[in-house]
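The sequence and structure come first.

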Amino acid sequence: MKLIVMGLGQCGGRIADRFAWLNKRAKVVRGLNVIADIFAINTDIADLSGLSNIKADCKHRIVVGGRKTGGHGVGKISELGAEIAREDGDKIIDAVRSAEQFPETDAFLLIAGAAGGTGSGAIGVLTRFLKDRYVGKPIYNIIVLPFRQEETSEARTIYNTAICLKSVYLVADAIVLIDNQRYIRKDYSIAENLARINARVVEPFYNLLCAGEETKPKYIGSKMLDAGDIIQTLAGWTAIGVGKSLIRRRKFPLKDKTHFKDKMTETNKGVHAMDRALSELSLTCDPKNARRALYLLSAPAGEMNMDVMKELGDNLRAIAPNALIRSGDYPRQKRAVDVSVILSDFSALGKVTNYFTKAIDLIAVIKARQGLHYANREVEEIFNDIPVLL
Ligand SMILES: Nc1nc2c(ncn2[C@@H]2O[C@H](COP(=O)(O)OP(=O)(O)OP(=O)(O)O)[C@@H](O)[C@H]2O)c(=O)[nH]1
Ligand SMILES: [Mg+2]
């Protein structure tokens, strides 16, 4: 599968930069190209300078809103981020239009942090721009949710996040949610944490994107996973994860390749990798609410067989009983069994509902100060008062 990736704001730009690194890795290690082109868009010039893998020309690192912000960001005012995206949208679309390999692109992927200003405000607007222009190409979003400490220290965090989530839900084909708090490690500095989180956000995409771009028969699985499978799986709120089991070489290999001991370990390794992928999903969620799911088993060809695939399918069916499950195998991985999992099209998601409820409370307080009373109004009616930035 081939993507055009666009990182908005600091958070989006840095994760997009990691996607650029991922593509370099795919080219060097596997001779594959999974990203058609990558852009970073920001109101902050310093943030754009800090990137390392995205091309440094002005068509790939795009400064927007220069006149309004003087190149220093929008200071968490997402309404301003949205306004700038509306004004400078054509400049961005122009860059996208001249993207390398545009015709081979399967989908767009836009990335932003929900709690900031530039990315949070711009992502809904740009998603809609692209949607109107490129009918038929899916537009996906990755939305990064704030750390808990950001939520408790600044009311604007919750407000921006709720507005951003409501806006993107109305326009994006699917939204992959990343909860920063789930990845945090107490013994690391903030910068180390962010770099590690970004690496882990991008990792599940490696095999998922590569699998469908293979052309050599020996790397094509018995059930190849291509762009179509991923596009059919992604819808609405989505969580993603990857898990690995390392393969240790036996000192004294068993002569009989069909020996039950080896058969057992193959299946165990697969299931173990899937369990890890599920426990490391990008978001706390109840898999029972997922209506679509997908798993990809990547392993050396010798480690794959129908039993492992069946066991993985049964395992996922037990965890996500209401999901339509798609799957694939990819015989390319070396020295590890790797399982990528997508859970998508959630019918309910506590984390998202929580942001909306808290934002509604905040709005009620603000309106009360203005002399407006919400006492007898339905929650749904107040929900309509959460602004939309499109
Ligand atoms: N995972 C991850 N989160 C980040 C990163 N940088 C910032 N964030 C999170 O993103 C949110 C802030 O968004 P930013 O991207 O910094 O804001 P912005 O879009 O640049 O907007 P302004 O700076 O207000 O103009 C916070 O919740 C941060 O924790 C990053 O590199 N990785
Ligand atoms: Mg910024």
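## A pair within helix α13

D314 and K310 are four residues apart in helix α13 (residues 306-319), a separation of about one helical turn. Their side chains form a salt bridge, with N and O 2.8 Å apart. In general, an α-helix has 3.6 residues a turn, so residues three or four places apart point the same way. K310 is exposed, at 54% relative accessible area, while D314 is partly exposed at 41%. The structure is a predicted model, and every value here is computed from it.

Salt bridges with shared partners also link K68, E83 and E87 into one network. Over the whole structure, the search finds 16 salt bridges.

## Pairs between separate segments

One of the salt bridges joins R156 and E79, with a distance of 2.6 Å from N to O. R156 belongs to helix α7 (residues 155-171) and E79 to helix α4 (residues 78-97), so this pair ties together parts that lie 77 residues apart in sequence. Both side chains belong to partly exposed residues: R156 has a relative accessible area of 23%, and E79 has 30% relative accessibility.

Another salt bridge is formed by D173 and K131, whose closest N and O atoms are 2.9 Å apart. D173 sits in the loop between α7 and β6 (174-179), and K131 is in helix α5, so the pair connects parts 42 residues apart in sequence. D173 is partly exposed at 28% relative accessibility, and K131 is partly exposed with a relative accessible area of 27%.

## Helix α5

Helix α5, which contains K131, runs over residues 118-133. Its 16 residues reach 22 Å from the first C-alpha to the last, close to the 22 Å expected at 1.5 Å a residue.

How many of the 16 residues of α5 are buried? Twelve are, and the helix is mostly covered. The buried residues include T118, G119, S120, G121, A122 and I123. G124, V125, L126, T127, F129 and L130 are buried as well.

## Nonpolar cores

The largest nonpolar core has 79 residues, and I143, L177 and L343 have the most contacts inside it. Domain 1 (3-202) and domain 2 (217-346) both contribute residues, so this core lies between them. A second, separate core has 46 residues, among them L209, I230, I240 and Y330.

Apart from its neighbours within four places in sequence, I143 is in contact with A112, A114, I123, C164, L165, V168, I175, V176, L177 and I178. Of these partners of I143, I123 is also one of the buried residues of α5.

## Y355 in helix α14

Y355 is in helix α14 (residues 350-369). Is Y355 buried or exposed? Y355 counts as buried, because its relative accessibility is 3% and the cut-off for buried is under 20%.

With neighbours within four places in sequence left aside, Y355 is in contact with L145, P146, E151, I158, T161, A162 and L165. L165 is also in contact with I143. Y355 and D314 are 41 residues apart in sequence, and their C-alpha atoms are 34 Å apart in space.

## Positive phi angles

Most residues other than glycine have a negative phi. R335, which is not a glycine, has a positive phi of about 55°. R335 lies in the loop between β9 (324-330) and β10 (336-346), and is exposed with a relative accessible area of 56%.

D345 also has a positive phi of about 55° and is not a glycine. D345 is found in strand β10. In contrast to the exposed R335, D345 is buried, with a relative accessible area of 15%.

## Cysteines

How many disulfides does the structure have? The count is zero, taking a disulfide as a pair of cysteine sulfur atoms within 2.5 Å. C285 is in no disulfide: the nearest cysteine sulfur, that of C164, is 19 Å away.

C285 is buried, with a relative accessible area of 19%, which is under the 20% cut-off. C58 is exposed, at 67%.

Methods:
Residues numbered from 1 in each chain as written. Chains lettered and ligands numbered in written order. Predicted model: local features only at pLDDT ≥ 70, side-chain atom pairs only at ≥ 80, totals over all residues. Heavy atoms only, no water. Buried < 20%, exposed > 50% of the residue type's maximum accessible area, 1.4 Å probe, protein only. Core = buried A, V, L, I, M, F, W, Y, C linked by side-chain atoms within 4.5 Å. Domains from an automatic or database assignment. Contact = heavy atoms within 4.5 Å. Helix = DSSP H or I, 4+ residues; strand = E, 2+ residues; numbered from the N terminus. Expected span 1.5 Å × (residues − 1). Salt bridge = Lys/Arg side-chain N within 4 Å of Asp/Glu carboxyl O.
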